[in-house]
Amino acid sequence: MGPAALLLPVLLLPLAVAAGGPEVHSLRGSWRLRSGNGSVSLRAEVPGCVHTALLCRGLIQDPYYRFNDVMYRWISLDNWTYSRTFKTPFDIRKWQKVNLVFEGVDTVAQILLNNVTLGRTDNMFNRYSFDITSVIQEVNLVEVRFLSAISYAAEQSRCHKAHGIPPACPPPVQKGECHVNFIRKEQCSFSWDWGPSFPTQGIWKDVRIEAYNHYHLIYFSVTPIFAKSAQQWYLEVESIFDVVSSKPIAGHVTVNIPKLQTQQTFSVKLQPGEGSIVLLLNINKSAAVEAWWPNGHGKQTGYNMTTTFMMETGCQIVKFSKVYFRTVELVQEPIPGSPGLSFYFRINGRPIFIKGSNWIPADSFQDRVTYDTLRLLLKSAADANMNALRVWGGGIYEQDEFYDICDEMGIMIWQDFMFACALYPTDQNYLESVRAEVSHQVRRLKSHPSIILWSGNNENEAAIASNWFSIPNPDIGAYIKDYVTLYVKNIREIVLTVSSPEDWSYTSNFSVHRQHHEGGNIQMLQEIGRHFKLPQSPDPVKQFKDIIYLSQVMQAQCIKTETEFYRFSQSEIINGEGHTMGALYWQLNDIWQAPSWASLEYGGKWKLLHYFAQNFFAPLLPVAYEDKGMLHIYGVSDLHEEHKLTLRVAVHAWSSLEPICTLAKEGVTVKAQSAVPIYKESISDLLERCRNCTRKSCVITFCLVGEDGLRSPTNHYFLSSLKDVVGLEKTQLSASVSQQDDIYIFVLQTTAIAPFVTLDVGSIKGRFSDNGFLMTEKKKMVVFYPWEPTSVEELESSLILTSLLDIV
């Protein structure tokens, strides 16, 4: 594959104003909800789902509490009905067409209005519009009769006459449901190796009535195109309409971008049915267009744009939107010295090292995911120097606000389609549902500059290539054919278009219950045991907390080591490997409270990994690497200019806060957007020079310092596992807290070197400027940024300070 230019802008908070235009009335709010046999009946909010409705009315506990994911399985096995009576808020006779529109139905349902079946839904990710012109009355009853997603998926599997579609069921440790690949629903809602099984039912997005004459705007998108030969920007403006008229409708469209001194009027004609208009707008060449840049590389400049449709019918539509300009190229070229191809992104012509993580749904119940929830999590990503996230393919296509925030913050999105860790059927009904889903989602989202790549699925090709499901060799061909049919011939074509006291134990039933990765708790203990002494406290709660602390330390250290290796490998090819241009670790956020790979806890609290990410993704970073007894330090830079810097190296004995030797190497050149070797010495020579240090008695720290306050984080290199070090003493840690405007200053003091100093203020929401650090000086200042009102007194009373030697 050659370089692919993906030129996508965004529309933020688009507004459409119509003179003589449509009547649009939302049906969100209070509905009735009843169980299959009518024994349970209650008020329920729309958007929403059955679980949250039952919780809100006090009929169940929090589904996340203890073992409730299993206790409440009955909810997902029942068939629930949402209903509502409403008065028609307009004169029906005035309108040629009236639609009932569902932006999201979860998932399998029969839709009725006034006891007339309008149609059926089977895809959580699709938009459904039903023509109710001949059915709507002055007073109406709308019903959405759901079928259990579990029952539906099982029936679809039973009815599938071709070859089997694995996997049938998740591993028993996940306590999930079977045949999720037979239903177009959030795949992880049937369980995953980090999440619970809650196959929800509900109206999870907006539902409304739309009444209109002549024509109605359904989708609107803007795609910037940069012509290199002419050195000019163009805009492709695409509008898709439902045209009620039986004859073509002529008119004019005016597009205006005031800040770019650009305005153009086009003569257009809409054809009956689904009519579309595609316009090519020339951007004024004399206007200086500011590009949209990823986080850390520039501004996210956008421009207000007004598009006015004036058709001969007299109906005028004015569309307000924001447009961003940027180019994306996925570069895959031969590399001298390597048998492979490059794989990196150029944004606006500049190669960008991708730094970030993977995004999963922020909650099992999407109506609990608010704008503030999304903003908090995404701000945490940006604050940790991330410039990219992958929206994982076993969740959902995120809500509009998610992408709006990413556009605003400069977070690039690798967007999976919602297929994950399974094979999928390719019968005609399934393919038609998928085609409608993909068409809708691409039309909905393609304008966002944050989306730089659409990816077919999560690990499904690997599942076939590595034969995860033990398919006999003679049968593999059929599954490969299915894969090509679904992803290449269909999707690709369209694209081109809370815890209880007894649970506080690592081996408690609850901890094991929440660990959905087979053998996960044992694996974590084994990994911790490689480098740290395992906790042996006779107090089980203390031991549990100690293990949590060490698991976070181990996780942070592992991802740090791996990511730093990727970063310093970006400019070299060694034995045919290198030129690494990205690192997206698994995973950013959690869907519930459980042991997982996430760096942000459910609710947004930063784990140690996230604090480490803030440093290992820093725009300027020194990284140490040992090879055959030689210590190499690389200078890694995402900065756009070359810098002359000073490398400062210090060697500490674990027993002393004063360094036993230091080195300042001046005039170190760190090139722009590259990784260069800046220091090399035999470790044995270095230790000999430093008063005969040994690998077990000393530790190395280092940083880069430049002019005008330019400074990297201080990095460290452990010369041995910390369980083997000598001279490390238990420290007395203390902190004083003071308030400064709306932030809080923590001044820490230590009596000895303290590895992995961690500050925790319990349930007080906020984040620290640094955490989990190696403290080699007597004093250190840390800032706390609160996410809700608090006080010095609250922080002082909640504060728990921990370092490695507090673990017993």
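Cys661 sits in strand 35 (residues 661–670), while Cys690 belongs to the loop between helix 14 (683–689) and strand 37 (698–705), so the bond ties together parts that are 29 residues apart in sequence.

A quick word on what you're looking at. It's a predicted model, in which local features need pLDDT of at least 70 and side-chain atom pairs count only at pLDDT 80 or more, though totals for chains, interfaces and linings use all residues. Residues are numbered from 1 along each chain as its sequence is written, and side-chain values use heavy atoms, with hydrogens and water left out.

Buried means under 20% relative accessible area, exposed over 50%, and partly exposed in between, using a 1.4 Å probe and protein chains only. Cys661 is buried at 17%, and Cys690 is buried too, at 0%.

In total the structure holds three disulfides. Another one joins Cys693 to Cys698, with 1.8 Å between the sulfur atoms. Its S-S torsion is about -60°, so this link is left-handed. Again the ends are buried, Cys693 at 11% and Cys698 at 2%. Then there's Cys169 with Cys178, whose sulfur atoms are 2.0 Å apart; that link is right-handed, with 105° about the S-S bond.

Count the bonded cysteines along the chain and the pattern reads 1-2, 3-4, 5-6. Cys56 is in no disulfide, and its nearest cysteine sulfur, that of Cys49, is 11 Å away. Cys56 is exposed, with a relative accessible area of 55%. Cys703 is in no disulfide either, the nearest cysteine sulfur being that of Cys661, 15 Å away; Cys703 is buried, at 5%.

Now find strand 8 (residues 109–113). Five of its five residues are buried, so the strand is largely enclosed by the rest of the structure. Ala109, Ile111 and Leu113 are buried on one side, and Gln110 and Leu112 on the other. Strands pair if DSSP finds at least two bridges between them. Strand 8 runs antiparallel to strand 9 (residues 116–121), joined by five bridges, and Ile111 stands opposite Gly119 there. The hairpin of these strands has two residues between them, and Asn114 takes a positive phi near 55°. Strand 8 also runs antiparallel to strand 11 (residues 139–146), again with five bridges, and Leu112 stands opposite Glu143.

Last stop, the largest cavity, with a volume of about 70 Å³. A cavity is a set of points, on a 1 Å grid over the protein atoms alone, where a 1.4 Å probe fits but cannot get out, and lining residues have an atom within 4 Å of a point. Points are joined across faces, edges and corners, and the volume is the space filled by probe spheres set on them. Its lining includes Cys49, Asp106, Met124, Glu186, Trp204 and Phe365. The lining residues divide into four nonpolar, four polar and three charged, where Ala, Val, Leu, Ile, Met, Phe, Trp, Tyr, Cys and Pro count as nonpolar, Asp, Glu, Lys and Arg as charged, and the others, Gly among them, as polar.

Key. Helix = DSSP H or I, 4+ residues; strand = E, 2+ residues; numbered from the N terminus. 1 Å grid on protein atoms, 1.4 Å probe; cavity = no way out; pocket = protein on both sides within 12 Å on 5 of 7 lines; lining within 4 Å. Disulfide = S-S within 2.5 Å.
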